[in-house]
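Me: I've got this one open on my screen. Can you walk me through it, piece by piece?
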Amino acid sequence: MKPFTYSRATSVADAAKAAASTQGARFIAGGTNLLDLMKLQIETPTHLIDVNHLGLDRIEPTPEGGLRIGALVRNTDLAADKVVRRDYGVLSRALLAGASGQLRNKATTAGNLLQRTRCPYFYDTNMPCNKRKPGSGCGAIGGISRSLAILGVSDACIAQHPSDMAVAMRLLDAQVDTVGADGVARAIPIADFHMLPGDTPHVETALKSGEIITSVTLPKPIGGTHVYRKVRDRASYAFALVSVAAVFGKDGGSRFAFGGIGAKPWRTPAADAAASSGAKAVAEAALSGARTTHHNDFKKTLVERTLASLYRQKEARS
Amino acid sequence: MPSDHLTRRSLLQGSAAIAAAAPALAPAGAAAARQTAKEGTGMIPVELTVNGREVHLQLDPRTTLLDALREHLHLTGTKKGCDQGQCGACTVIVEGRRINSCLTLAVMHDGEKVTTIEGLGTPDKLHPMQRAFITHDGYQCGYCTPGQICSAVAVLEEIAAGIPSHVTPDLDKVSLSDSELRERMSGNICRCAAYPNIIAAMNDVAGETKA
Ligand SMILES: Cc1cc2nc3c(=O)[nH]c(=O)nc-3n(C[C@H](O)[C@H](O)[C@H](O)COP(=O)(O)OP(=O)(O)OC[C@H]3O[C@@H](n4cnc5c(N)ncnc54)[C@H](O)[C@@H]3O)c2cc1C
Ligand code: SF4
Ligand code: FES
Ligand code: FES
């Protein structure tokens, strides 16, 4: 790791201000993604602001009947929360499908949303990568691209978003609550939070310099049957090749979000609208505009089959 | 990478000497915090309770909890496998929870309690899980074992606390089964594949605790 200085933030406003005014400063929460990247010198912050002691670790009901999840709530605690288990089961399931017990004990809500891609060329500092080094090219296009994205990709970058939790949050229409360097709070709908790569794959989220995530808010529960199905190379402790988060509503209204296939957690209105026509129709709608390589073309079939399996599971239950 | 590794090594050796002297200087104050390390980064005082013993260290902020334990406190039971969160060899219990000590900075744990394999039990006074690993041959080379045992102890507590897992059929009904143990132990890789015996050891301890 490159040398850096370290401080513990004492208030949200100070943390945001310090982050914006200190060149090379970064927040550190669980550290499970940032430190990994710092060891490889993919991330080289010169100052770390520890946000673990700001009291952002609570889960509280909102006046609207939803749930506010503190940015520092650990993935284990969020998955095990009684209200989340009961009313937002898909979120518990998505969290539990990610990483390992040890990692979930450290990983936080905000850190999970902000974790960076697992594109192997992003991790290999000997290779070109527009995300790591803007303008250097993309090692994955024309390289081994089996794990990479097929939706929302560009000529500059085909990296997949790796998070499981974020897929469930996308499904549930969560909103990301932040405080900026100017002390002003704002709420960003999760659909607008992650950016598509376009010509600027190094710009990954809507966050401005210094802006700190304080919580993620879920709207009131939508009921239905919650499922999260993750398909990966190992039965546990591996990132998704394809994942599907779904809520099957009693009235036939259902919604779907996808992981492993998108440059960001993926959801389209057309896929939700196709729900009553079955797995094949939902897959077709979701995959509209997909751009595959010969290594990751299999993901299209895998999406359809994963959906088919979820439909069968749902029918068996009802 | 190799050259980075060298600098870090030499830095660690440098700071190990300071660490050895630190208990005499403790409690480390703000003046010590401003003390400058070789590469121009301030050393930071860190106070930990490791296996019940209070320790005062002066650390480069880059020091992971794993390196603090191994290189500074010479508690070499905790192992470094991958150093990137992928193997679980470095698993320790911090404030009652198992974590990967390679992916966290020691300075982030100032004031906290850490339990390592050395703190669970000793050769004369084994922890039930350590004894069960011996009885059931839960290892071959033993490299992953300290992490496996720390994880196994925490896993039984997580199940008792009702924390669900990926394979829990009903999120509200958490119970003990082989598949639960396997899933929950998936963050601990064993190159010797002692897995079936590790599960047997865990079942043994779980049965004992229940009885
Ligand atoms: C071996 C391994 C396997 C994994 N498998 C999976 C998996 O299967 N599925 C999955 O989804 N994830 C997986 N992960 C990733 C893991 O979920 C993330 O590392 C974790 O969620 C990151 O959270 P953190 O709190 O540790 O973030 P940190 O590493 O602390 O931070 C990550 C980023 O977020 C920023 N940040 C943190 N908090 C805030 C805040 N409040 N406001 C603004 N910015 C902030 C930091 O500056 C940093 O840029 C895996 C990780 C490892 C190491
Ligand atoms: S796909 Fe994106 S992250 Fe991967 S090498 Fe190309 S530019 Fe980098
Ligand atoms: S050494 Fe920490 S997980 Fe491998
Ligand atoms: S006993 Fe050898 S790696 Fe597990």
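Me: What about helix 3 of chain B, is it mostly covered or mostly exposed?
Reply: This is a predicted model, so keep that in mind throughout. Helix 3 of chain B, residues 65-72, is mostly covered. Seven of its eight residues are buried.

Me: Which ones are buried in helix 3 of chain B?
Reply: B:L65, B:L66, B:D67, B:A68, B:L69, B:E71 and B:H72.

Me: Which residues in chain A have a positive phi without being glycine?
Reply: A:Q41 and A:A99 are examples. Phi of A:Q41 is near 60 degrees. For A:A99 the value is about 50 degrees.

Me: Where do A:Q41 and A:A99 sit?
Reply: A:Q41 is in the loop between helix 2 (34-39) and strand 3 (47-50) of chain A. A:A99 is in the loop between helix 5 and helix 6 (101-106) of that chain.

Me: Why is A:Q41 classed as partly exposed?
Reply: Because its relative accessible area is 30%. Buried means under 20%, exposed means over 50%, and partly exposed is in between. A:A99 is also partly exposed, because its value is 34%.

Me: New topic. Where does ligand 1 lie?
Reply: Between chains A and B. The residues around ligand 1 number 36. The closest are A:R26, A:F27, A:G31, A:T32 and A:T108.

Me: How much of ligand 1 does the protein bury?
Reply: Taken alone, ligand 1 exposes 980 Å². The protein buries 96% of that.

Me: Which element gives the largest share of the shell around ligand 1?
Reply: Helix 7 of chain A, with four residues. Strand 2 (25-28), helix 7 (109-114) and strand 8 (212-218) of chain A each supply at least two.

Me: How do the residues of the shell around ligand 1 divide by class?
Reply: There are 17 nonpolar, 14 polar and five charged residues.

Me: What about ligand 2, which residues come nearest?
Reply: A:C119, A:C129, A:C138, A:C157 and A:I158, out of 14 residues around ligand 2. By class, the shell around ligand 2 has eleven nonpolar, two polar and one charged residues.

Me: Which element gives the most to the lining of the second largest pocket?
Reply: Strand 9 of chain A, with six residues. Helix 4 (82-87), helix 5 (89-96), strand 9 (225-231) and helix 13 (298-317) of chain A each supply at least two.

Me: What classes of residue are in that lining of the second largest pocket?
Reply: Six nonpolar, seven polar and nine charged.

Me: Back to chain B. Is B:S165 buried or exposed?
Reply: Buried, because its relative accessible area is 2%. B:S165 is in the loop between helix 6 (145-160) and helix 7 (178-184) of chain B. A polar atom of the B:S165 side chain lies 3.1 Å from the backbone nitrogen of B:V167.

Me: And B:P196, buried or exposed?
Reply: Exposed, because its relative accessible area is 58%. B:P196 is in helix 8 of chain B, residues 195-210. B:P196 and B:G138 are 58 residues apart along the chain, and their C-alpha atoms are separated by 7.9 Å.

Me: Last one. How far apart in space are A:K17 and A:H161?
Reply: They are 28 Å apart, C-alpha to C-alpha. In sequence, A:K17 and A:H161 are 144 residues apart. A:K17 is in helix 1 of chain A, residues 12-21. A:K17 counts as exposed because its relative accessible area is 51%.

Conventions. Residues numbered from 1 in each chain as written. Chains lettered and ligands numbered in written order. Predicted model: local features only at pLDDT ≥ 70, side-chain atom pairs only at ≥ 80, totals over all residues. Heavy atoms only, no water. Nonpolar A, V, L, I, M, F, W, Y, C, P; charged D, E, K, R; others polar. Near = heavy atom within 4 Å. Buried < 20%, exposed > 50% of the residue type's maximum accessible area, 1.4 Å probe, protein only. Areas by Shrake-Rupley, 256 points an atom, 1.4 Å probe, with all protein chains shown as cover. Polar contact = N/O pair within 3.5 Å; in protein donor to acceptor, adjacent residues only side chain to side chain.
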